[in-house]
Amino acid sequence: MFHAADYHQTEAETIAWIVTLAVVGALATVINLLTLYTFLSAAALRSRKHVMIMNLAAADALFGVTGIPVYLVYLIRPQLTLFYVWVMASRFCKVASLFTLGVIAVERMHAIVCPLRHKTLSRLVFNITIASIWICASALTVSGLVVLFRNVDIITFLSLASVFTPVLTITVVLVIGSCYIFIWVSYNRRRFHAINPSTIRERSLALTLLLVSGAFLVTWCPPLLYLSVIPNCIDCIQPNIQILDWFVLVFGIQCLVNPAIYCYRLPLFKVSLKAVIKRVFVKCFHPCCNTAPKNSSIRPGDQKVQELQKQPKV
């Protein structure tokens with residue numbers, strides 16, 4: 001499985017997949033970097049409640065930079081070592097995304113169920129949480145590198161992953177589900193009382209992040225379940241290079257879904273992203289038209305962002 005001897009794909013198919021995945025990887029990298037820059041540059045979005053969204057965008061951009069390029073090298077030179085390297089790179093990015101989604105659910109539950117306590121949290125708590133996410137993802141990735149230095153065949157490797165990875169995913173899914181159930185119950189209890197605009201914004205953001213979590217799990221779980229079952233199922237269709245191509249494409253498309261959800265659900269982000277794209281376009285292609293004062297602290301789109309702050313999408 002996945003060895004160079006089992007690489008059954010024509011040269012034309014390989015070139016087509018290389019071009020397709022290269023485009024998807026480039027789009028995933030550029031769009032998520034723009035997303036990250038938008039949240040960092042817009043004062044209205046540079047807040048604690050958006051910190052984990054930035055971390056998620058960083059993980060998706062990292063997959064576009066590392067996961068997809070390594071797989072493209074594997075398509076050109078199908079070697080077992082490159083396959084393991086791709087598995088490790090993809091695991092690092094996707095596990096970081098999975099942990100981030102779990103932390104997002106807990107953070108949103110805390111913000112809605114205990115809003116006063118949530119406001120007293122320091123920035124250090126968020127920094128430590130982000131560092132913990134990447135440290136845990138690194139530890140899980142490094143633990144898999146033992147396969148590269150010991151003669152462990154790929155069937156044994158997938159058998160170990162078929163136990164550990166589903167357990168980890170199911171645990172995070174249960175945490176996410178429990179947190180959003182608490183959010184729903186808390187909001188229903190307050191619906192008979194006066195609801196201020198801040199509560200509506202928190203509810204809207206929670207619903208947006210629930211959509212992001214759902215999109216990730218829908219694209220992550222099918223390949224995960226398939227790769228978890230096949231080591232123990234002789235009669236199942238064993239993975240080949242074509243199936244792996246589709247899995248990588250799905251993972252790449254998943255990195256593009258989150259910014260689309262942000263544009264649909266977060267008007268502040270949509271306006272700020274347009275302003276960033278316009279600013280970059282003018283700076284790159286029409287520098288003579290960039291007449292904004294250098295000492296101006298107001299950027300294009302900031303006024304509209306401030307207007308939308310008081311009009312949250314429900």
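Colleague: Which residues does N258 touch, not counting residues up to four places away in sequence?
Modeller: N258 touches L56, D60 and V212, where a contact means heavy atoms within 4.5 Å. Please note that this is a predicted model, in which local features need pLDDT of at least 70 and side-chain atom pairs count only at pLDDT 80 or more, while totals for chains, interfaces and linings use all residues. Residues are numbered from 1 along each chain as its sequence is written, and side-chain values use heavy atoms, with hydrogens and water left out.

Colleague: Which side chain makes a polar contact with the side chain of N258?
Modeller: That is the side chain of D60, at 3.0 Å. A polar contact is a pair of N or O atoms within 3.5 Å; within protein, one must be able to donate a hydrogen and the other to accept it, and residues adjacent in sequence count only if both atoms are side-chain atoms.

Colleague: And is N258 buried or exposed?
Modeller: N258 has 1% relative accessibility, so it counts as buried. Buried means under 20% relative accessible area, exposed over 50%, and partly exposed in between (1.4 Å probe, protein chains only).

Colleague: How many helices and strands are there in the chain?
Modeller: The chain has eleven helices and zero strands. Helices (H or I, at least four residues) and strands (E, at least two) are DSSP runs, numbered from the N terminus. N258 belongs to helix α9. Of the 314 residues of the chain, 43% count as buried.

Colleague: At what angle do the axes of α9 and α10 cross?
Modeller: The axes of α9 (residues 241–265) and α10 (residues 267–285) cross at roughly 110° and come within 5 Å. Axes are lines fitted to C-alpha atoms, for helices over the stretch in contact, and angles run from 0 to 180 degrees between N-to-C directions.

Colleague: How far apart in space are K270 and P259?
Modeller: Their C-alpha atoms are 9.3 Å apart, and K270 and P259 are eleven residues apart in sequence. K270 is partly exposed, with a relative accessible area of 39%.

Colleague: A change of topic: how many salt bridges does a search of the whole structure find?
Modeller: The search finds one; a salt bridge is a side-chain nitrogen of Lys or Arg within 4 Å of a carboxyl oxygen of Asp or Glu. R108 and E107 form such a bridge through their side chains (2.7 Å, N to O). R108 is buried, at a relative accessible area of 0%, and E107 also counts as buried, at 10%.

Colleague: Lastly, which residues does T219 touch, leaving out residues up to four places away in sequence?
Modeller: T219 touches V250, F251 and Q254. T219 lies in helix α8 (residues 197–229), and a polar atom of its side chain is 3.0 Å from the backbone oxygen of A215.
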